[in-house]
Amino acid sequence: MTRTQIHIPTLVRIKAGAVDRVGIYARRNGFSHVVVLHSDGLPQELLERLNEGLKAEDVAIMHSWPVKEASFEQARELFPGIPARTRAVVGFGGGKALDVAKYTAFLTGLPCISVPTSLSNDGISSPQSSLTLEGRRKSLPSAMPFGIVIDTKVCLAAPEVLWLSGIGDLVSKLTAVFDWKLAFHAADTPIDDFAALLSDATVFQFIARPNHDLQGVQVLGTALMLNGVAMGVCGSSRPASGSEHLISHALDALGGTPRLHGLQVGVATYLVSLLQKQSSETIAALFEKTGFWRAVESNPFRRADWIEALCRAPSIKEGFYTVLSSRDCLPEAEDYLRNDPFLRNCLVE
Ligand SMILES: [Zn+2]
């Protein structure tokens, strides 16, 4: 059997002080001219560190644009302004800037260097961009970043809730991979053993030591990056996204107050693990240890939104078999949302 081409990052740096070295990495790879797309409102000090590092290596910054929204329209607007001499697009900041940078790089055919300043989801290295198209959130095919540069010190200093969001997105791999296996048995969905194993393995590595310190950030960053790579390896979002993501997409589509992706996905992961009858205790313990539950409880979700999302979730992606396709899960899910000792504190009427 011939294999389609596998897309994985070429440059990977996960260490303290990496932001100052982006210029070195760019020069070594022949990126003499770059465009920087950064989060709107990023601390000036961080932007200056990146710029200084690039200038010190004679890497010309053709443009440095703030990204205000993660939308297809924003990427389309930026695309024609990218000068012909540009050799790479640098995405710097939070998920929105990275999603737009990856997509702009994809449109121009240029390599993208992804430099996250927080670890709130696995978008740092996935071959997809989560963008709104005419106001509706979509997952669009995008470029797998050429480079992933994670400054562990910078990410450690980011608000703790972003770290918790990253943990929520990470554990979703446990339910996603389980859904993938269900789909293999029930609907002949092809499974890529290596991608499934890679995705699963990264979660357990983090669970073994989920501390919010430099080493913890390094392990979480590595795990989220490898989740993105797992998608690139098999050319599908299956290793990183299952029914828990369907529930999250359904919540997004309801159009209420936008919440952090990983907080939403994390709660959905725990709920789905109860429906799948696997990994629930592991997930609950991790959320307890890291303060994930407390963060959600301090700003709970609306019960009615979750019931509506659960009704819509099974039909969101056509031909995508998950535990939600296996039976009518709604009555069980409603019961868990009301009576489970963790879930009942995550929702308000
Ligand atoms: Zn996700």
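The domain assignment of the protein chain, taken from an automatic or database source, gives domain 1 (11–156) and domain 2 (160–348). The model is predicted; local features need pLDDT of at least 70, side-chain atom pairs count only at pLDDT 80 or more, and totals for chains, interfaces and linings use all residues. Residues are numbered from 1 along each chain as its sequence is written.

The centres of domain 1 and domain 2, taken over C-alpha atoms, are separated by 26 Å. Domain 1 gives 21 residues to the contact and domain 2 gives 24 residues (contact: C-beta atoms, placed from the backbone, within 7 Å). On the side of domain 1 that touches domain 2, the elements giving two or more residues are β1 (11–15), β8 (147–151) and α5 (152–156). These are DSSP runs, numbered from the N terminus: helices are H or I with at least four residues, strands E with at least two. The largest share of this side, 4 residues, comes from α5. Its residues divide into 11 nonpolar, 7 polar and 3 charged (nonpolar: Ala, Val, Leu, Ile, Met, Phe, Trp, Tyr, Cys and Pro; charged: Asp, Glu, Lys and Arg; polar: the others, Gly among them).

Helix α13 (residues 303–312) packs with helix α15 (residues 330–339) at an angle of about 160°, their axes 10 Å apart. Axes are lines fitted to C-alpha atoms over the stretch in contact, and angles run from 0 to 180 degrees between N-to-C directions. Helix α13 is therefore roughly antiparallel to α15 (angle over 145 degrees). The contact is made by R303, W306, I307, L310 and C311 of α13 and by L330, A333, E334 and L337 of α15. Of these contact residues, 7 are nonpolar, none polar and 2 charged.

How values were computed: Angles under 35 degrees count as roughly parallel, over 145 as roughly antiparallel, 65 to 115 as roughly perpendicular and the rest as oblique. Two residues are in contact if their C-beta atoms, placed from the backbone, lie within 7 Å.
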